[in-house]
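Thank you all for making the time this morning.

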Amino acid sequence: MKDLTQASEDTDVSQETGALIDHILKRYHEMHRDDLASPMALADRVERVHADDPDAPSGLACAVRALAQQMEDHMTKEETILFPAMRAGGGPGIAHPIAVMRADLDDHAENIALILPMTSDLTPPDHACGSWRSLYGGLGARFEDLAAHIAQENDVLFPRFGQPA
Ligand SMILES: [Fe+2]
């Protein structure tokens, strides 16, 4: 898994700010919404089917659901408050919402740090079934996407408004 602080490969700092926001919305916000439903359902199933297995990820479905809800709240705040303000040019009042967004993104990273030990860092045991393996693989891909999203906002978008990390 990528370092959560690592800048994403698709970072293009020359992008005009409106275009960068459009890119974040399409590449990350839309994708997260589409992508998180299936790991949640799969986590429910793996936990239920393997309830007696000490290696099974107990509490994972609940933790992933909490992360997805937190991400949804964060994305909604950006879409309704912060991004429209940025498209309008920003201004001194933008410092506070950016600080709130940075705190949200720190919370996402903390949630992932809580989830990883439940899953032995997304390493299925040798006896894991196909669903179990695909759950961990799917979560790893989603977490990488989220890390890239965090890097685009923290390291590229927010500093354009005078808000260094
Ligand atoms: Fe975002």
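**Contacts and overall layout**

Among the contacts in the protein with a separation of 6 or more, 75% are between residues 24 or more positions apart. Please keep in mind throughout that this is a predicted model. The protein has five helices and zero strands, so that, read along the sequence, its pattern is α-α-α-α-α. There are 165 residues in the protein, and 27% of these count as buried.

Let me begin with the core. The largest nonpolar core contains 31 residues, and the ones with the most contacts inside it are Ala43, Val64, Leu135 and Ala147. At least two residues of this core come from each of helix 1, which covers 17–35, helix 2, helix 3, helix 4 and helix 5. Which helix gives the most to this core? That is helix 5, with 11 residues. As general background, nonpolar side chains in soluble globular proteins tend to be buried together.

Val64 and Leu135 are themselves among the residues with the most contacts inside the core.

Now to the helix pairs. In general, two packed helices are described by the angle between their axes and the distance between the axes. Helix 2, residues 37–49, and helix 3, residues 60–87, have axes that come within 8 Å and cross at roughly 165°. That angle makes helix 2 roughly antiparallel to helix 3, the cut-off for that description being over 145 degrees. The crossing in which helix 2 passes helix 3 is left-handed. On the helix 2 side the meeting residues are Pro39, Met40, Ala43, Asp44 and Glu47, while on the helix 3 side they are Leu60, Ala61, Val64, Arg65 and Ala68. Sorted by class, this contact of helix 2 with helix 3 has seven nonpolar residues, three charged ones and no polar ones.

The second pair is formed by helix 4, residues 95–118, and helix 5, residues 130–157, which pack at an angle of about 155° with their axes 11 Å apart. Helix 4 and helix 5 are therefore roughly antiparallel to each other, and their crossing is left-handed. Here Met101, Arg102, Leu105, His108, Ala109 and Ile112 in helix 4 meet Phe143, Leu146, Ile150, Glu153 and Asn154 in helix 5. The residues of this contact of helix 4 with helix 5 divide into seven nonpolar, two polar and two charged.

**Individual positions**

Let me turn to a few single residues. Proline 97 lies in helix 4, and, not counting residues up to four places away in sequence, proline 97 touches Ile81, Leu82 and Ala85. The C-alpha atoms of proline 97 and isoleucine 81 are separated by 8.0 Å, although the two are 16 residues apart along the chain. Is proline 97 buried, partly exposed or exposed? Proline 97 is partly exposed, because 18 other C-beta atoms lie within 10 Å, where 20 or more would be needed for a buried residue.

Alanine 66, in helix 3, is partly exposed, with 13 other C-beta atoms within 10 Å.

Glycine 130 belongs to helix 5 and is exposed, with 8 other C-beta atoms within 10 Å. Along the chain, glycine 130 and valine 46 are 84 residues apart, and yet their C-alpha atoms are separated by 9.9 Å.

Finally, the loop between helix 4 and helix 5 holds two residues whose backbone I would ask you to look at. Most residues other than glycine have a negative phi. Serine 120, in that loop, has a phi near 50°, a positive value in a residue other than glycine. Aspartate 121, in the loop between helix 4 and helix 5 as well, has a positive phi of about 55°. Serine 120 is exposed, with 12 other C-beta atoms within 10 Å, and aspartate 121 counts as exposed because it has 11 C-beta neighbours inside 10 Å.

Terms used. Residues are numbered from 1 along each chain as its sequence is written. This is a predicted model: local features need pLDDT of at least 70, side-chain atom pairs count only at pLDDT 80 or more; totals for chains, interfaces and linings use all residues. Axes are lines fitted to C-alpha atoms, for helices over the stretch in contact, and angles run from 0 to 180 degrees between N-to-C directions. Helices (H or I, at least four residues) and strands (E, at least two) are DSSP runs, numbered from the N terminus. Angles under 35 degrees count as roughly parallel, over 145 as roughly antiparallel, 65 to 115 as roughly perpendicular and the rest as oblique. A crossing is left-handed if the near helix is turned anticlockwise from the far one by less than a right angle, and right-handed if clockwise. Two residues are in contact if their C-beta atoms, placed from the backbone, lie within 7 Å. Ala, Val, Leu, Ile, Met, Phe, Trp, Tyr, Cys and Pro count as nonpolar, Asp, Glu, Lys and Arg as charged, and the others, Gly among them, as polar. A nonpolar core is a set of buried Ala, Val, Leu, Ile, Met, Phe, Trp, Tyr and Cys residues joined through C-beta atoms within 7 Å.
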